[in-house]
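Me: I have a structure open here and would like to go through it slowly. Could you help me read it?

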Amino acid sequence: MPSSTLPSSWEEYAKALGIELQRRRIALNVTQENLAHQAGLTRTHYQQIERGFWKPGSPANPSLKMLLRLAQALQLDVAELLPAGHEVQWPDT
């Protein structure tokens with residue numbers, strides 16, 4: 001992950017993933033709609049992932065299959081999209 005701050009919660013991780021998706025999409029000069037179509041998603045669904053939230057207060061949680069489809073559409077390995085996760089703290093259950 002290019003940022004100097006590692007995500008420490010799932011909310012921060014989802015947002016960092018969205019930022020990386022946006023950065024890679026813009027670098028390829030691809031619209032959200034075109035990338036979503038290439039990955040087999042609706043534009044609205046892709047926007048939620050890029051924003052990092054499904055709805056207010058609920059972080060995005062894309063499936064591995066969805067991440068792989070997005071990575072393929074961006075001509076990347078899925079690992080290139082994923083922020084480092086070793087700092088993420090999970091609430092006690």
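Reply: Let us start with a word we will need: a residue is called buried when its relative accessible area is under 20%, exposed when that area is over 50%, and partly exposed in between. Please keep in mind as well that this is a predicted model.

Me: OK, so is Tyr13 buried or exposed?

Reply: Tyr13 has a relative accessibility of 12%, which is under the 20% limit, and therefore Tyr13 counts as buried.

Me: And what about Trp10, how does that one count?

Reply: Trp10 counts as partly exposed, because its relative accessibility is 26%, a value that falls between the limits of 20% and 50%.

Me: How many aromatic pairs are there?

Reply: There is one aromatic pair in the structure. Its members are Trp10 and Tyr13, whose rings are stacked, with 5.4 Å from centre to centre and 15 degrees between the planes.

Me: Why are those two separated by about one helical turn?

Reply: Trp10 and Tyr13 are three residues apart in helix 1, which means that about one helical turn separates them. In general, an α-helix has 3.6 residues a turn, so residues three or four places apart point the same way.

Me: What span should helix 1 have?

Reply: Helix 1 runs over residues 10–27, and at 1.5 Å a residue its 18 residues should span 26 Å, which agrees with the 26 Å between its end C-alpha atoms.

Me: Which residues are buried in helix 1, and what covers them?

Reply: The buried residues of helix 1 are Tyr13, Ala14, Ala16, Leu17, Gly18, Glu20, Leu21 and Arg25. Their cover includes helix 2 (32–39), helix 3 (43–51), strand 2 (58–59) and helix 4 (64–73).

Me: Switching to helix 2, which residues are buried there?

Reply: In helix 2, the buried residues are Leu35, Ala36 and Ala39. They cover an arc of only 100 degrees around the axis, and therefore they lie on the same side of helix 2. Those buried residues pack against helix 1, helix 3 and helix 4, whereas Glu33 and His37, on the other side of helix 2, are exposed.

Me: What follows helix 2?

Reply: Helix 2 is followed by Gly40, which has a positive phi, near 80 degrees. Helix 1, for its part, is followed by Asn29, where phi is also positive, near 60 degrees.

Me: Last one: where is Gly57?

Reply: Gly57 sits in the loop between strand 1 (53–55) and strand 2, and Gly57 is exposed, with a relative accessible area of 71%. Although 46 residues separate Gly57 from Glu11 in sequence, the two are 8.8 Å apart in space, C-alpha to C-alpha.

Methods. Residues numbered from 1 in each chain as written. Predicted model: local features only at pLDDT ≥ 70, side-chain atom pairs only at ≥ 80, totals over all residues. Heavy atoms only, no water. Helix = DSSP H or I, 4+ residues; strand = E, 2+ residues; numbered from the N terminus. Expected span 1.5 Å × (residues − 1). Buried < 20%, exposed > 50% of the residue type's maximum accessible area, 1.4 Å probe, protein only. Contact = heavy atoms within 4.5 Å. Phe/Tyr/Trp six-rings, centres within 6.5 Å; stacked < 30°, edge-to-face > 60°. Arc of directions from axis to C-beta.
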